[in-house]
Amino acid sequence: MVGKKASGGRGGQRKRVRTQASATAKAQSVSRMKGGRYEADLRLATEAVRLASKLCRASQLQLRENENTNQTKRDKLESPVTVADLGAQAIVSWALQNLPNSGAVTRNDGFSLVAEEDSDFLRSEEGADLRNRVVDLVNNTLRGSGLKELTEAEVLLAIDEGRSEGGSDRRHWVLDPIDGTRGFVGNRQYAIALALLDEGEPVLGVLGCPNLSLEAEDLDARTAAATSSSESSSSSQQEDGSGYLFVAEKRRGAYKVGIEIEAGSSGSDAESGAPGDILGHRISVDEVDPNDAVYMESVETKHSDHAFARKVAENSGINKDSLKLDSQVKYGVIASGKASAFMRFPDLDYKEWIWDHAAGAIIMEEAGGVVTDSEGKKLDFSKGRTLNNGNGIVAAPPKLHRKLIESIKALGR
Ligand SMILES: Nc1ncnc2c1ncn2[C@@H]1O[C@H](COP(=O)(O)O)[C@@H](OP(=O)(O)O)[C@H]1O
Ligand SMILES: [Mg+2]
C-alpha cells in the first residue's frame, strides 16, 4: 500500500528526491519567464487563477469551520464545493474579460470559454440560497483584492460564458474551476486549471494548486491520507499558506511559482521589451531509471483501473508503489521532476473532458514530457468539450513514456 513506511522503496526515493530537490533549489535562481506571443494572455490567466485560488482557500476555510456544526450530509458534501466551483468559474471568467490587459490576443477576437459549470440551478427559485452564497464569495474575494464588486446578474453571466463548444477554429479558454472536487472536500489536492487553445492546440496553461507542497515527505503524507480515507478531512491540509502555480507557454517552457507571489507587473524586460514577465523557477521532468521511478494515479478507483496500471508499471520495470493524488496537480508534480509518470485507465466508454487535461498537458509538454492516450496518440483538444482520443491517459518523460505504451500494447486492454 502506498504511504506506509514498510513499502521501503518510497523511503529510498524520498532521500534521493530530497537531495535532488535541495541541489536543484541551489542551482536554480529565480528566473524570468520570457513572454512570447501569448505573454499578455498568460499574465491575465495567471492573475485570474490567483484570484480563484484565493476564493477556493476562503471557501475551504469556511468548510472546515462548519465541519462540526449540524449541517446535513448534502450541505457538507455538496454545497461548499458547489459554491466554490461556481464562484471560481465566475471570477476566472470575469477576470479574463475585465482585468486590464491591453496586449491580450484573446481580447481581439471575441471571448470564448469552455468550462465545466453553468448557472441553471442558480437561476431557479430553489437555487436562491446557493446564488446568494456564490455572489458573496465572489465579492468578498474581489473586495479583498481591491477590485470592484459584481452584481448578481454579472456573476450569473460570467458563469454562463463557459458554455462554449470549443473547436478547432480561433481561440478558446478552457477552465476547470475546481478539478478534483473530492480532493477539495476531503482537504486533499485540487487545482484551478486554465488553458488557452489556439486552433485546437493548448498554447498556454496555468494550474493553481493551493494545497500543494512539493516536499517528498508531504507528498507521502498526502498519499497516506488519500489512501486511508477519500472523504474525511485529513491532517494533510497545507497549513502554512504555501501552494504553487504552474505556468507554461508554448515553446517558452514551464515554470512554478509560489501561489502568494504576485506576478512582476512593473518594469519592462530588457531583452524582449515585453511589458513585464512572470517570476518563477523553470521546471523539467526527471527521466530516471524505471527502478527509481514512481508513477501517479487518481485517488478514486472508479476513475482509473489501478490493477491494470500496476501491471503496466511492473512490465515497464517500475516496482515502487504509486503515488495517488487528486486532480491535475499530478501533472504539475511530474513536470517538477518529483514523480515520473501519470497513468489513467477509466472505463472503456468514458470520454475525458478537455478541461481535465488541457492545462496539465501543456505544462507537462513544456517541461519536456509526453502526454498521450493509451495508444500513444497525442491528445486532441480540437473537437469540442471532450477529448477526441482513445481511452486512457499516459504522461511521462519520453523514454519512460515509450516503455509504458509498449507495455500497454503487450498487455492489451
Ligand atoms: N467515472 C469516471 N472515470 C474517469 N474520470 C472521471 C469519472 N468521473 C469523473 N471523472 C473525472 O475525473 C476528474 C478527477 O480526476 P482525478 O480522479 O484524477 O482526481 C473529475 O474532475 P472534477 O473533480 O473536476 O469533477 C472528473 O471530471
Ligand atoms: Mg476536473
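The model is predicted, so local features need pLDDT of at least 70 and side-chain atom pairs count only at pLDDT 80 or more, while totals for chains, interfaces and linings use all residues. Residues are numbered from 1 along each chain as its sequence is written, and chains are lettered from A and ligands numbered from 1 in the order in which they are written.

**Domains**
- The protein chain is divided into domain 1 (32-283) and domain 2 (285-411), with bounds from an automatic or database domain assignment.
- In all, 46 residues of domain 1 are in contact with 30 residues of domain 2, where contact means C-beta atoms, placed from the backbone, within 7 Å.
- On the side of domain 1 that touches domain 2, β5 supplies the largest share, seven residues; helices (H or I, at least four residues) and strands (E, at least two) are DSSP runs, numbered from the N terminus.
- That side divides into 24 nonpolar, twelve polar and ten charged residues; Ala, Val, Leu, Ile, Met, Phe, Trp, Tyr, Cys and Pro count as nonpolar, Asp, Glu, Lys and Arg as charged, and the others, Gly among them, as polar.

**Ligand 1**
- Both domains give residues to the shell around ligand 1, so the ligand lies between them.
- Thr 181, Ser 298, His 303, Asp 326 and Pro 346 come nearest among the 14 residues around ligand 1, a residue being near if its C-beta atom, placed from the backbone, lies within 6 Å.
- The shell has six charged, five polar and three nonpolar residues.

**Recorded binding site**
- An unreviewed UniProt entry lists Glu 116, Asp 176, Ile 178, Asp 179 and Asp 356 under "binding site"; positions are in the numbering used here, feature names are shortened, and annotations may be inferred rather than shown by experiment.
- These residues are spread over 241 residues of sequence but cluster in space, with a largest C-alpha distance of 9.8 Å.
- Asp 176 lies in strand β3 and is buried, with 32 other C-beta atoms within 10 Å; buried means 20 or more such atoms, exposed 12 or fewer, and partly exposed in between, with C-beta atoms placed from the backbone.
- Beyond its neighbours within four places in sequence, Asp 176 is in contact with Glu 116, Ala 193, Trp 355 and Asp 356.
- Ile 178 is in strand β3 and is buried, with 28 other C-beta atoms within 10 Å.

**Helix α5**
- The 17 residues of helix α5 (residues 128-144) should span 24 Å, and the end C-alpha atoms are 24 Å apart, which agrees; the expected span is 1.5 Å times one less than the number of residues.
- Buried residues in α5 include Arg 133, Val 134 and Leu 137.

Notes:
Two residues are in contact if their C-beta atoms, placed from the backbone, lie within 7 Å.
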